[in-house]
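Open the model in your viewer and keep the selection tool at hand. Each stop below tells you what to pick and what is there.

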Amino acid sequence: MKLYVANKLYSSWSLRPWILMTALDIPFEETVIPMYFPDSKARMLDVSPTGKMPCLVDGDITIWESLAIMEYLHERFPEKGVWPADAKARAHARAAANEMHAGFQALRNNCPMNLAKRFAPRDLGSDVADNMRRLEGLWADARRRFGGGGQFLYGTFGAADAMFAPVVTRLDTYQVPVSSETRRYMDAVLSHPALLKWRADALQEPWTIDHYEEGWAAVETFHTGAARTNHPRHKA
Ligand SMILES: N[C@@H](CCC(=O)N[C@@H](CS)C(=O)NCC(=O)O)C(=O)O
């Protein structure tokens with residue numbers, strides 16, 4: 001199987017299936033197509049009908065949406081534990097993953113994923129505060145009802161955790177205040193070997209996209225790679 005992803009530093013949707021496949025030991029080859037260069041859109045359209053990443057190619061089938069990729073993996077590798085084995089936990093996990101896919105817009109818009117920086121905390125506004133209340137409530141509910149078997153939302157690491165992994169990194173990057181219960185879950189995700197691997201790759205990338213960097217004061221910078229090309233957001 002081939003998984004195509006965009007910049008590991010910035011592409012939250014790409015991180016989701018990648019971390020799931022890596023955490024669950026599902027073998028794949030990866031290709032990174034960096035975003036917003038003049039040829040990026042054409043290169044993405046070559047593999048994905050939407051021209052967006054991630055995209056999984058398995059022989060003659062192409063799956064172009066993060067959540068659909070996870071469902072495909074669940075069917076193809078039923079023994080891997082993509083979703084919880086218990087039907088009630090599985091239903092809850094799917095609802096949580098769908099809610100993530102369709103929601104939390106204020107948090108996503110205000111705090112784009114950026115794994116190379118930590119930004120000074122600031123008031124992110126009432127819409128983000130609403131998102132945070134819902135997010136912390138959802139995570140606490142999943143952990144309390146179904147998380148007894150491990151550190152993750154439904155015990156062991158699965159699709160719901162993968163869907164929320166870039167939310168966890170955002171809360172850390174933008175230093176959003178959270179409860180100690182939320183912080184414990186965040187620390188479990190942030191120290192997962194699959195996230196550490198993605199992040200190490202991200203920090204080596206040679207590209208910085210201005211659009212994701214402007215307007216924020218970085219209090220820490222973690223790049224480890226060589227010289228970076230700064231480039232604006234080219235619209236295809
Ligand atoms: N709904 C899609 C979202 C995919 C998406 O927006 N990907 C972004 C990267 S995070 C992308 O490819 N952007 C590049 C572009 O639009 O040119 C999914 O869940 O996979």
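Select W216. W216 is partly exposed, because 17 other C-beta atoms lie within 10 Å. The scale runs like this: 20 or more other C-beta atoms within 10 Å of a residue's own make it buried, 12 or fewer make it exposed, and anything in between is partly exposed, with C-beta atoms placed from the backbone. W216 sits in the loop between β6 (207-209) and β7 (218-221). Helices (H or I, at least four residues) and strands (E, at least two) are DSSP runs, numbered from the N terminus.

A word on the model before moving on. It is predicted, so local features need pLDDT of at least 70 and side-chain atom pairs count only at pLDDT 80 or more, while totals for chains, interfaces and linings use all residues. Residues are numbered from 1 along each chain as its sequence is written.

**The ligand**

Select the ligand. Around it are A6, S11, S12, W13, S14, M35, K41, K52, M53, P54, E65 and S66. A residue counts as near when its C-beta atom, placed from the backbone, lies within 6 Å. Helix α1 (residues 12-23) gives the largest share of this shell, 3 residues. By type, the shell has 5 nonpolar, 4 polar and 3 charged residues. Here Ala, Val, Leu, Ile, Met, Phe, Trp, Tyr, Cys and Pro are nonpolar, Asp, Glu, Lys and Arg are charged, and the others, Gly among them, are polar.

Stay there and zoom in on M53 and P54. A cis peptide bond joins them, with omega about 10 degrees. P54 lies in the loop between α2 (40-47) and β3 (55-58).

**Two positive phi angles**

Go to Y36, in the loop between β2 (29-32) and α2. Its phi is near 65 degrees, a positive value in a residue other than glycine. Y36 is buried, because it has 20 C-beta neighbours inside 10 Å.

Next, F104, in the loop between α4 and α5 (105-110). Phi of F104 is also positive, near 55 degrees. F104 has 21 C-beta neighbours inside 10 Å, so it counts as buried.

**Helix α4**

Select residues 87-102. Which residues of α4 are buried? They are A89, H92, A93, A96, A97 and M100. They cover an arc of only 130 degrees around the axis, so they are on the same side of α4. The arc is that of the directions from the helix axis to the C-beta atoms. Turned away from that side are the exposed A87, K88, A91 and A102. Covering the buried residues are, among others, α3 (66-76), α6 (126-146) and α7 (159-173). Contact means C-beta atoms, placed from the backbone, within 7 Å.

**Helix α9**

Now pick residues 193-204. The buried residues of α9 are A194, L195, W198 and A202. They fall within an arc of 95 degrees, so they line one face of the helix. P193, L196 and A200 are exposed on the other side. The buried residues pack against α1, α7 and α8 (180-190).

**Last stop: I19**

Select I19. Leaving out residues up to four places away in sequence, I19 touches A162, A165, A194, L195 and W198.

Terms used:
Contact = placed C-beta atoms within 7 Å.
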